[in-house]
Amino acid sequence: MFAPRTTPWPLVALFTAGYLAPYLLPTTVGRLDSGLPLSATQAGAVGSALLLSSATAGFALASRVERIGARTLARLGLALALLGYGAAALTTAVPAVVAGAMVGGFGSGTATTVAATLIAAQRDPHRASTAGLLTVSALAGAVYLTVPHLGPGHGLPLAAIALTALAVWPLTGRLPAGTPAAPARHHKARLPHARSGLVLAAAMLCWSLAQNSLWGVSGQIGLTQAHLGEATVGAVFAVALGTGLTGVLAAGALGARLGRAVPIGAGTVLIAGCIVLSASATDLASFATGEIAWNTLYPVVLSYVIGLAASLDPRGRWAVLVGSASSLGTAAGPLTGSVLSAQAGFPAMGAILAAGLLVIALPMTAVALHTSGRPLLAGAIRRRGGHPAALVAATTGTPTGAVPEIGAPEQPVVEITVDTPAVPAQRAYGKAGSEVL
């Protein structure tokens, strides 16, 4: 019998708290623009500063989670998120809002770093990341439906992020004091698969930049170009995130059946088309179609990329570094989208972003193909739980250097002495007619 797989819900909750700020970026930037004396470009710059602070936390803490301890670091991140976003929500002074957003962003990045590290240590990283994307999409959708009916002001989306951090805090008691111990051979090893990891990190920076350049100005597209009301735009975003749940569920059900290369490569190409459609929308039908299709595909591809990064290093370092590179792209997105749309207009911005995604799809697909075919380490195939282990090295979805444990714990290897006389060693012979060598 196979052992049932359980979902690590405290870890999923921490993932949700860390990822909520990027998911609420359109309404956060839009309300900073409307509720404070800021231009659209300045509001986008504040959103970029928030996300840049989040990325900084990832780069600073990627190698320190084990030393500091996952529980301690998670609580620190949630505390910073609560204090930073809470303070930014309660003040109208622009410098204080910017400072609070950056402190909160560092807290979100800290929570995301701990979550990514622990997810990489799971037997099924794709399952854990899929559950996290489901919860953050559902929560963000609920916020988009609720906030327009609670009144104006910049503080509501920031307050929602702060309250989420407060709600997740009690669950941190179920996180480990430190990260799960990795196999001894990995403790002093250098960062594995450096070339693949660097290519993936660079590609993810550009991938996230393109995604969030549109996401950061999607609210403005709906309000100014498609001539929709805030409640209608919020409803479209909520429906889009709801269909994103369907996409994530489909990704979880599909698992590794198609490998990682097809969902990542083909999914990125389809996303490029959705960006063109959404950026050129002039009415409700085209705006809703583009946003819904895009938000359905985006979390699917993201879940496979997270799993791909986690498979590169069982200690989770590449998962954190790739995630931090993605956060850098996410951070630059709102400002990039604001500048491009201001200079060239929304449709031209969409065409530029789509062209960039088509180029980026190539190296991401190449990394997925390369890592899926890497041979297993010697001795990695063993008998577990009495079942013969027949594992194909080219099977996708299997973390490199670590075989998922199925069923009962690993059976010890017993050496058996055979009392059979040794066969004399075969002597070597030279050419016919010559003496024996």
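# A look around a helical model

Buried stands for under 20% relative accessible area, exposed for over 50%, and partly exposed for what lies in between, using a 1.4 Å probe and protein chains only. Please keep in mind that this is a predicted model, where local features need pLDDT of at least 70 and side-chain atom pairs count only at pLDDT 80 or more, while totals for chains, interfaces and linings use all residues. Residues are numbered from 1 along each chain as its sequence is written, and side-chain values use heavy atoms, with hydrogens and water left out.

Now the overall picture. The chain has 16 helices and zero strands; these are DSSP runs numbered from the N terminus, with helices being H or I of at least four residues and strands E of at least two. Of its 437 residues, 50% count as buried. Among contacts with a separation of 6 or more, 84% are between residues 24 or more positions apart, where a contact means heavy atoms within 4.5 Å.

Back to the aromatic residues. How many aromatic pairs does a search of the whole structure find? It finds seven. In one of them, the ring centres of Phe15 and Tyr19 are 4.3 Å apart and the planes are at 15°, so this pair is stacked. The rule takes rings of Phe, Tyr and Trp (its six-membered ring) as a pair if their centres lie within 6.5 Å, and calls planes under 30 degrees apart stacked, over 60 edge-to-face and the rest tilted. Phe15 and Tyr19 are four residues apart in helix 1, which means about one helical turn separates them. In general, an α-helix has 3.6 residues a turn, so residues three or four places apart point the same way. Phe15 is buried too, because its relative accessible area is 3%.

Next comes an edge-to-face pair, Trp215 with Trp294, at 5.6 Å centre to centre and 70° between the planes. This pair links distant parts of the chain, since Trp215 is in helix 10 (residues 194-215) and Trp294 in helix 14 (residues 284-311), 79 residues apart. Both Trp215 and Trp294 are buried. They also belong to a cluster in which ring pairs link Tyr144, Trp215, Phe237, Phe287 and Trp294.

Let's move to the core. Which residues touch the most other members of the largest nonpolar core? They are Leu200, Trp207 and Phe287, in a core of 102 residues. Helix 14 gives the largest share of this core, twelve residues. A nonpolar core here is a set of buried Ala, Val, Leu, Ile, Met, Phe, Trp, Tyr and Cys residues joined through side-chain atoms within 4.5 Å. Not counting residues up to four places away in sequence, Leu200 touches Val305, Leu308, Ala309, Leu312, Val322 and Val367.

Helix 5 (residues 70-90) has 21 residues and should span 30 Å at 1.5 Å a residue; its end C-alpha atoms are 30 Å apart, so the two agree. The expected span is 1.5 Å times one less than the number of residues. What covers the buried residues of helix 5 includes helix 1 (9-23), helix 3 (40-61) and helix 6 (94-120). Ser278 is in helix 13 (residues 261-279), and at 0% relative accessibility Ser278 counts as buried. Leaving aside residues up to four places away in sequence, Ser278 touches Leu214, Ile221, Gly290 and Glu291.

On a 1 Å grid over the protein atoms alone, a cavity is a set of points where a 1.4 Å probe fits but cannot get out, and lining residues have an atom within 4 Å of a point. The largest cavity is lined by 35 residues, and Tyr19, Leu302, Gly323, Ser326 and Ser327 lie nearest its centre. Helix 15 gives the largest share of that lining, eight residues.

One last stop is His227, in the loop between helix 11 (218-225) and helix 12 (230-254). His227 is exposed, because its relative accessible area is 64%. The phi of His227 is near 60°, a positive value in a residue other than glycine. Most residues other than glycine have a negative phi.

Note on methods: 1 Å grid on protein atoms, 1.4 Å probe; cavity = no way out; pocket = protein on both sides within 12 Å on 5 of 7 lines; lining within 4 Å.
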